[in-house]
Amino acid sequence: MTRTFRSLASFRVQLLALLLTVLVLLGYDFLPKRTLEFAPSPRFERVLMADSDIGGKSVARWVNKKTDHLSCTIAEGYAYPYCGVHFAFDPYTHTGLDLTPYTHLKFHVQYQGETSTLRIYVRNQDANEPTKDIAKAKYISVNIKTRELGTLQTIELSEFIVAEWWKEQFDVPRDKAQPQFDNVVNIGIEVFAPTPLGEHQLAVERFEFVGPLVPRYAWYLSILGFWLAVSFIYLIVRLTKLYRRNEIFARVVTDLSKTNQELADQKEHFRILSTNDALTGIRNRHGVKLSYDAMLKSANPDTKVSVILIDIDHFKRINDRRGHQIGDEVLSQFSDLLRRNTRENDIVGRWGGEEFIVVSAHTNLNQAELLAEKIRTTVSNTALGDNKPIMITISCGVTEIQRPESLDAALARADKCLYSAKRSGRNCTVTQIND
């Protein structure tokens, strides 16, 4: 009787859990969405554009900037006349927005004029491009029929395509000619050729990107993980009961211990992967930040801490001329050289690409500059690479952390110093720039 009651109770619990799982699965579409609003939000600067900027005669002017209402006069004088407005980001660093979490664009645009088609475009800057020329940023666009305007419209980001003229102009290989939204530096809407000459008016009433707050795959994986955890707990309970009945549990415990050790080893392996760069073996960006946080916890508030930001000069040429394998050898051997020329308690890491970082405690700005010069001189006198070694140079940006400011704030200054070193001819060290 008791066993029957327990079986019935277990069945009810399982049925309830199944129903809850179904509800959670169906509830995904009702989750709140993430949004990034460009209009009517004043967050981003609006910049008018027309072919008059490059020698044409078309002109753009504001009718009412507060309501994003502009007027375009398309005139002869340029082979492909255009006119419109774009939302501008940082013009100096070209640090863009990552729009990969978003799936579609919602917009409400009013139009008056004779053209049949408008174009919405984004410019995506390649993070591996050594020069930050926005003219080279990937041009991705979608054409919109003007007869569809006047009401709220939705387009999927998958509808955007890379412009053929951009691929032809920069001779882009097919594998790099796909749409990207990971570093968008420019977004705009424009009237473009072929279009009737004369007056065109645009009013951008709404312009926002929308996407899921939680990716669908993550939502489903969390449900799967929950059930895996429940199943694992259930298995442990069953094994515990079997242990009380017979000696088989001893072998099961041995197997579980082995599995736990493997999981611990894998956990340690993944921990190293999450904090160390796979190619060079030194810390990655995440590892540097964790080590820096640990350093702050053990250091006195008045401890001097300095940052050296290092960039290998003309590294792209090495990859282009000698191949990525030689480039990887240079990065790996440069990392070893960096470790040999710094102290054991210095935080040495690969910040990204050919950019490296050294964080030194108990080191003021002058001492950090001497260390940077030591590293730079050593590098310039050392051949790197196993096959046909090559000589390289580096540029360094040095700053002292003004505690309690964040590491990111100090890095922004170090990056300015590094940028100044690059503009000064490379192979040199520039110290802190006063903001």
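Which strands and helix each supply at least two residues of the lining of the second largest pocket? Select β2 (45-50), β5 (82-88), β7 (117-124), α2 (164-169) and β11 (184-192), which are the elements that do so; helices (H or I, at least four residues) and strands (E, at least two) are DSSP runs numbered from the N terminus.

Before going on, note that this is a predicted model, in which local features need pLDDT of at least 70 and side-chain atom pairs count only at pLDDT 80 or more, while totals for chains, interfaces and linings use all residues. Residues are numbered from 1 along each chain as its sequence is written, and side-chain values use heavy atoms, with hydrogens and water left out.

**The pocket.** The second largest pocket has a volume of about 710 Å³. On a 1 Å grid over the protein atoms alone, a pocket is an open set of points where a 1.4 Å probe fits, with protein on both sides within 12 Å along at least five of seven lines, and lining residues have an atom within 4 Å of a point; the volume is the space filled by probe spheres set on the points. Show next Y82, R123, Y139, W165 and E190, which are the closest to the pocket centre of the 21 lining residues. The lining divides into 14 nonpolar, three polar and four charged residues, where Ala, Val, Leu, Ile, Met, Phe, Trp, Tyr, Cys and Pro count as nonpolar, Asp, Glu, Lys and Arg as charged, and the others, Gly among them, as polar.

**The six-stranded sheet.** Now colour the open sheet with the order β2-β5-β11-β7-β8-β10, whose pairing is antiparallel; two strands pair if DSSP finds at least two bridges between them. β2 and β10 (161-162) stand at the edges with a single partner strand each, so one side of each is left without a neighbour in the sheet. Between β2 and β5, six bridges make the antiparallel pairing, and A50 can be found opposite C83 in β5.

**The five-stranded sheet.** Move on to the open sheet β14-β15-β13-β18-β19, in which the pairing is mixed. Its edges are β14 (347-352) and β19 (429-430), each with a single partner strand, so one side of each lacks a neighbour in the sheet. Strand β18 (residues 394-400) runs parallel to β19 and is joined to it by two bridges, with C396 opposite T429 in β19.

**Helices α6 and α7.** Finish at α6 (residues 315-322) and α7 (residues 324-340), whose axes, lines fitted to C-alpha atoms over the stretch in contact, come within 7 Å and cross at roughly 140°.

Definitions and conventions
Axes are lines fitted to C-alpha atoms, for helices over the stretch in contact, and angles run from 0 to 180 degrees between N-to-C directions.
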